[in-house]
Number of protein chains: 2
Amino acid sequence: MLPRVDERQQRLAELIVGYGVDLRQGQDLLLVSSTANLELARAVGVEAYRRGARFVDLMLGDDQLKRARVQHASEDDLRYLPPAQAERYLHIGREHGARISIQPHFAPGALSDLDPARAGLDGYPGSDALHEVINLRTTNWCVIPGPTPAWAEAVFPGEDDAYEKLWEQMAWVCRLDSADPPAAWRERMDALDAVAKRLTERRFDAVHFEGPGTDLTVGLFPSSLWRSARTTTVDGHVYQANLPSEELTSTPDPLRVDGVVRSTKPLELSGTLIEGLVVRFEGGRAVQIDADRGAEALRANAARDEGASRLGEVALVDREGRIGQTGTVFLNTLLDENAASHVALGSAYLDLVEEESDRGRANESAIHIDFMIGSDEISVTGVTTGGERVPVLRDGTWQL
Amino acid sequence: MLPRVDERQQRLAELIVGYGVDLRQGQDLLLVSSTANLELARAVGVEAYRRGARFVDLMLGDDQLKRARVQHASEDDLRYLPPAQAERYLHIGREHGARISIQPHFAPGALSDLDPARAGLDGYPGSDALHEVINLRTTNWCVIPGPTPAWAEAVFPGEDDAYEKLWEQMAWVCRLDSADPPAAWRERMDALDAVAKRLTERRFDAVHFEGPGTDLTVGLFPSSLWRSARTTTVDGHVYQANLPSEELTSTPDPLRVDGVVRSTKPLELSGTLIEGLVVRFEGGRAVQIDADRGAEALRANAARDEGASRLGEVALVDREGRIGQTGTVFLNTLLDENAASHVALGSAYLDLVEEESDRGRANESAIHIDFMIGSDEISVTGVTTGGERVPVLRDGTWQL
């Protein structure tokens with residue numbers, strides 16, 4: 001079994017470095033991973049040097065160090081990150097470097113027995129600087145999943161071949177089964193971008209989500225754009241920010257979000273599992289956050305700063321995507337968000353707002369936390385400024 | 001076997017954190033290790049959080065990433081380290097934090113098949129800032145060895161129980177066999193510091209090393225001090241900078257070193273093994289560096305800056321030390337230097353010079369590379385300003 005996994009790691013590493021960020025000669029690479037994914041991180045780093053990286057900065061999260069910090073540090077100390085932590089992110093922004101994040105940074109539920117409010121205070125291996133750097137649009141970056149035995153056990157509990165099964169599904173949803181995975185991804189992105197173009201042209205004033213436990217209206221700016229995960233830097237460097245990705249994303253108006261959303265999938269937040277999440281919005285603000293389990297971790301994050309309780313992203317996912325087809329709950333936002341339509345609390349993607357006047361109103365925060373609102377049971381309707389209601393997604397199929 | 005190793009790792013971690021750096025509540029810890037020593041690094045980090053560390057900054061070297069960089073990067077790129085690399089060291093200096101370095105950062109000989117001159121250009125996971133920070137005397141730091149299977153195989157090639165054997169010797173030389181290892185270390189340091197006091201009081205003008213292949217005179221400043229590895233920060237925080245350590249160290253006059261020194265042990269330099277090293281000094285400068293193997297790696301380092309070809313340290317080791325008693329060549333400077341008297345090219349320890357006027361003449365460099373000149377066959381003689389010759393070490397026994 002190990003040689004097969006190694007070969008998949010190598011193929012995944014080549015896809016991420018060669019297609020995902022499309023690393024160029026002389027670029028610096030910030031490589032964020034879990035110690036549990038050291039082998040994959042190493043394969044990615046070696047591949048980066050092969051392609052001419054100048055320096056690979058390896059930043060590792062570790063379940064046991066995280067646990068020890070959350071258990072023992074004072075609240076003030078938990079909030080603390082040294083200046084170099086931000087600098088490692090800012091450097092990549094200044095130098096027009098690349099960033100690869102192999103997720104999860106911690107095993108799902110690794111901190112479930114600890115105080116979720118305290119767990120939510122420790123930002124490592126992230127940084128408040130991350131979204132600032134993303135919005136400079138100077139970095140080609142890519143977030144990818146990396147299977148680990150602990151993660152596999154959480155997804156397929158008690159199954160002997162859990163790790164192998166997770167790798168099989170991962171290889172399939174990453175389209176590694178294709179003879180030419182980059183070509184397969186270009187084809188899928190072309191199809192999604194064609195829908196994105198039509199969505200953008202409609203200039204909807206809002207999108208309305210309806211389904212079991214959910215009745216949420218998310219306002220859009222007049223110049224909000226829709227886009228796939230394939231995008232470009234200010235230098236015109238084309239990259240795919242998430243791998244896999246099946247979503248179309250836009251930036252909402254953070255003051256015009258109203259209603260209730262029930263998350264259709266568990267949310268894994270830095271080692272805390274949040275289940276049965278229900279969030280109520282009024283005037284754009286998340287005024288109530290409840291869950292069957294782990295709500296405190298999201299509440300702590302949402303209280304982080306002014307924008308942390310408002311939306312920075314709205315995203316739509318169709319049923320053609322491979323992730324939804326697996327039927328698996330991966331307990332991993334990167335994957336689960338691409339099985340279903342979703343929203344994110346926190347920092348907005350400014351490149352999804354065309355006009356400067358609107359861009360200044362997009363949400364700002366140190367956090368960016370996605371949670372799922374969709375499944376094929378959820379219908380998505382576009383609402384025009386004139387109040388006309390236009391079907392967008394029904395049974396997971398595009399209506400325009 | 002594994003549970004025994006785990007228990008030793010835990011005991012070693014407690015010794016390093018609790019006695020080596022004697023970590024205090026609220027301190028930040030820079031923890032530098034190899035990925036091959038991740039388990040020990042984790043035990044150290046967890047122990048640090050238990051003792052109230054504010055943040056543990058884990059910095060990892062990795063054989064395969066290093067190899068890939070040395071193989072593929074241009075010479076200019078190889079010399080490059082991002083600003084955050086220095087910042088992570090400088091931060092600890094500014095904040096009066098702690099630093100623990102688990103060595104080796106790369107398996108002995110991991111780069112032996114690559115160009116040693118190129119290998120010598122890549123400073124990661126070190127930094128030019130390191131010796132600047134050490135000389136601020138604001139940090140409590142400790143360098144320790146961490147056994148790995150690859151290192152054990154290099155030390156005991158072909159032996160089935162190499163890893164276990166290396167751990168056994170490591171546990172013994174670290175005095176983990178003692179019921180109270182910190183107490184055992186305090187006793188040994190007290191004994192060494194008593195000799196150091198007598199050596200300092202003699203105010204030798206130079207020390208003269210004589211033995212097979214070696215005839216070297218190393219000049220001292222009028223106010224050069226001798227000291228064990230136990231020392232204090234500017235805050236009066238007592239720590240032991242190396243564990244294990246059996247040496248008495250002083251800072252030489254970088255302009256008054258003359259003669260030839262033949263290294264009695266192989267020198268492991270960032271993955272390159274240097275064997276049969278012979279260095280000739282004239283007027284303080286290393287004017288000729290030869291070796292049976294790997295000389296280029298040391299030459300590249302010695303050409304790094306003005307002070308890199310001059311001495312920053314001279315150290316004496318007696319035969320009472322446990323490392324020499326093992327008879328093992330550990331292929332690791334931290335251990336091998338404590339089996340034998342040695343000198344170091346590069347940065348000097350300013351706290352080993354009492355007078356400001358002398359301190360300004362101590363050597364400055366971005367490097368600090370120890371290599372062995374002693375064994376029990378080497379005699380060490382103190383030379384007074386009047387030319388009197390006073391025996392210091394004969395057959396590894398102190399003569400004063």
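This is a predicted model: local features need pLDDT of at least 70, side-chain atom pairs count only at pLDDT 80 or more; totals for chains, interfaces and linings use all residues.
**Exercise 1. The relation between the two chains**

Work out how chain A can be laid on chain B.

**Exercise 2. A pair of helices**

Describe how H5(A) and H5(B) pack, and decide whether they are roughly parallel or roughly antiparallel.

*Solution.* First find the helices: H5 covers residues 83–94 in chain A and residues 83–94 in chain B. Their axes lie 9 Å apart, and the packing angle is about 160°. Angles over 145 degrees count as roughly antiparallel, and H5(A) and H5(B) are therefore roughly antiparallel to each other. Their crossing is right-handed.

Now list who meets whom. From H5(A) come Pro83(A), Ala84(A), Glu87(A), Arg88(A), His91(A) and Arg94(A). They meet Pro83(B), Ala84(B), Glu87(B), Arg88(B), His91(B) and Arg94(B) of H5(B). Sorted by class, this contact has 6 charged, 4 nonpolar and 2 polar residues.

**Exercise 3. A sheet in chain B**

Trace the order of the open sheet that contains E9 and E17 of chain B, and find its edges.

*Solution.* The sheet has 4 strands, in the order E9-E15-E16-E17, with antiparallel pairing. Strands E9 (247–250) and E17 (368–372) stand at the edges; each has a single partner strand, so one side of each is left without a neighbour in the sheet. From one strand to the next, the twist averages 25°. Now zoom in on one pair: E16(B), residues 342–346, is joined to E17(B) by 5 bridges. Within this pair, Ala344(B) has Asp370(B) as its bridge partner.

**Exercise 4. Backbone details in loops**

Locate the cis peptide bonds at Pro104(A) and Pro125(B), then examine the phi of His96(A).

*Solution.* 
- The bond from Gln103(A) to Pro104(A) is cis, with omega near 0°. Pro104(A) sits in the loop between strand E3 and helix H6 of chain A.
- Tyr124(B) and Pro125(B) are also joined by a cis peptide bond, with omega about 5°. Pro125(B) is in the loop between helices H6 and H7 of chain B.
- His96(A) is not a glycine, yet its phi is positive, at about 55°. This residue lies in the loop between H5 and E3 of chain A.

Key: Residues are numbered from 1 along each chain as its sequence is written. Chains are lettered from A and ligands numbered from 1 in the order in which they are written. Side-chain values use heavy atoms; hydrogens and water are left out. Axes are lines fitted to C-alpha atoms, for helices over the stretch in contact, and angles run from 0 to 180 degrees between N-to-C directions. Helices (H or I, at least four residues) and strands (E, at least two) are DSSP runs, numbered from the N terminus. Angles under 35 degrees count as roughly parallel, over 145 as roughly antiparallel, 65 to 115 as roughly perpendicular and the rest as oblique. A crossing is left-handed if the near helix is turned anticlockwise from the far one by less than a right angle, and right-handed if clockwise. Contact means heavy atoms within 4.5 Å. Ala, Val, Leu, Ile, Met, Phe, Trp, Tyr, Cys and Pro count as nonpolar, Asp, Glu, Lys and Arg as charged, and the others, Gly among them, as polar. Two strands pair if DSSP finds at least two bridges between them. Copies are superposed by least squares on the C-alpha atoms of residues with pLDDT of at least 70 in both.
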